[in-house]
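Thanks for coming. Please have the structure open.

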Amino acid sequence: MVSTPGGTMAAWRLTAYGAPVSLQEVPVPVPAEGEVLLEVTAVGLCHSDVHLLDSPEPMAFDVPFTLGHEVAGTVVAAPGDPALVGRAVVVHGVWACGTCDRCRSGRTNYCTGRGRAVGGGIGRDGGLARYAVVPVGSVVDATGLAPEVAAPLTDGGLTSYHAVATAADRLPASGGRVVVIGVGGLGHLAVQVLRATTAAQVLATDTHPPALDLATRSGAHVVGTPDDLRAELAPHGGADAVLDFVGADATIALGVDLLGPGGDLVVVGSGGGSLDFRKGALPQGVRVSAPFWGTAEELAAVVALARAGHLVPEVEVIGFDDVPAAYERLRRGGVLGRLVVDPRHTGPPAGSSVTTRGQGGR
Ligand SMILES: [Zn+2]
Ligand SMILES: [Zn+2]
């Protein structure tokens, strides 16, 4: 019998759409059969948290729930599998049903049987607390990775990996050319995934100058303005794929402009932009997709890439008390890489933040 912590804990919660993030005292959750209790060791903050908090209309998810959908932790109780206790894990964020046709064909990120909530932090209680209960099937071993590196792999890394996998069949054997638009919390990891898993030439653009440096450190071959990329691609007839991590009107239009015939436009960012989808308005043979997150199997592959040193998230670690200020920074824009919360650290900021640099010279 494993003893569980009991008592209460502080949690950063979405209590009403359009209201500020709220610190509430909630019971430490108790895992049922098929679940595990984690002590949370790191949680990444995501732009989609801000979309949830700031939504002018109620969204599909019932409130309140604890935010935080990029979770790394240590298993402290596992009623069905005590051998898991003590293991460092990351959490796959789509809590799929496991039995629908999509799940059975391995596409758990497109589960049709999970109901409205996506998973912890998006409709269910997430990781912005000392402890979290998650389905045992959602945990992926992350032994050997620092928590602040592991947490951003679950969304920033996984969503990027899945987006690259979506376009991979369009890349020629010689490698081809892939454009990354928006080098933020996801985009810089997409550059690293492209370098690690494809032979493509990687071209990156962003409107924020420090993000261009991050693209270079992440291994992009060509970094610059849209005009720079256009000039580079012109002799080759355009890009084989464009991954748009912004998804605004301007970036979608730029993506179409940079693509060659038969290319792949992959819109990942939720910037609210639209596309004039008409034959004749797009390059011939273009395929457009809007992938969502990724599978637990892909998350395991992402963890393996990180263990091998191919994926190094750029992170800034902050304390538990700094969450509202961090969301404000995300709202304003210009955050480089990922903000990661250590829920075990409370009180005033330590004074200097820890930054893990992306790999340079790759
Ligand atoms: Zn997210
Ligand atoms: Zn399902």
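I start with the zinc ion that is ligand 1: its protein donors are Cys-46 (SG), His-69 (NE2) and Asp-155 (OD), at 1.8 to 2.2 Å. Donors here are N, O and S atoms within 2.8 Å of the metal (3.2 Å for Na, K and Ca), and water is not among the atoms, so sites may look incomplete.

Some ground rules. This is a predicted model, in which local features need pLDDT of at least 70 and side-chain atom pairs count only at pLDDT 80 or more, while totals for chains, interfaces and linings use all residues. Residues are numbered from 1 along each chain as its sequence is written, chains are lettered from A and ligands numbered from 1 in the order written, and side-chain values use heavy atoms, without hydrogens and water.

Back to ligand 1. Along the chain, its donors are spaced C-x22-H-x85-D. Cys-46 sits in the loop between strand 3 (35-45) and helix 1, and His-69 in the loop between strand 4 and strand 5 (70-77); this pair, 23 residues apart, links distant parts of the chain. Helices (H or I, at least four residues) and strands (E, at least two) are DSSP runs, numbered from the N terminus.

What are the protein donors of the other zinc ion, ligand 2? They are Cys-97, Cys-100, Cys-103 and Cys-111, each through SG, at 2.3 to 2.4 Å. The angles between the four donor atoms run from 103 to 121°, which makes the arrangement tetrahedral (four donors, all angles between 85 and 135 degrees). The sequence spacing is C-x2-C-x2-C-x7-C.

An open antiparallel sheet of three strands has the order 2-1-4. Strand 2 (22-27) and strand 4 (65-66) are the edges with a single partner strand each, so one side of each has no neighbour in the sheet. Strand 1 (residues 8-14) pairs with strand 4 over two bridges, and Leu-14 is opposite Phe-65. Pairing requires at least two DSSP bridges between the strands.

Strand 6 pairs antiparallel with strand 5 over three bridges, with Gly-73 and Val-89 as bridge partners. Strand 6 also pairs antiparallel with strand 10 (residues 139-141), over three bridges, and there Val-91 stands opposite Val-139.

Last, the helices. Helix 1 (residues 47-54) packs on helix 10 (residues 323-332) at about 95°, with axes 10 Å apart. Axes are lines fitted to C-alpha atoms, for helices over the stretch in contact, and angles run from 0 to 180 degrees between N-to-C directions. The two helices, helix 1 and helix 10, are therefore roughly perpendicular (65 to 115 degrees).

Technical notes: Angles under 35 degrees count as roughly parallel, over 145 as roughly antiparallel, 65 to 115 as roughly perpendicular and the rest as oblique. Four donors count as tetrahedral if all angles lie between 85 and 135 degrees; four count as square planar and six as octahedral if opposite donors are over 155 degrees apart and all others between 65 and 115; anything else is irregular.
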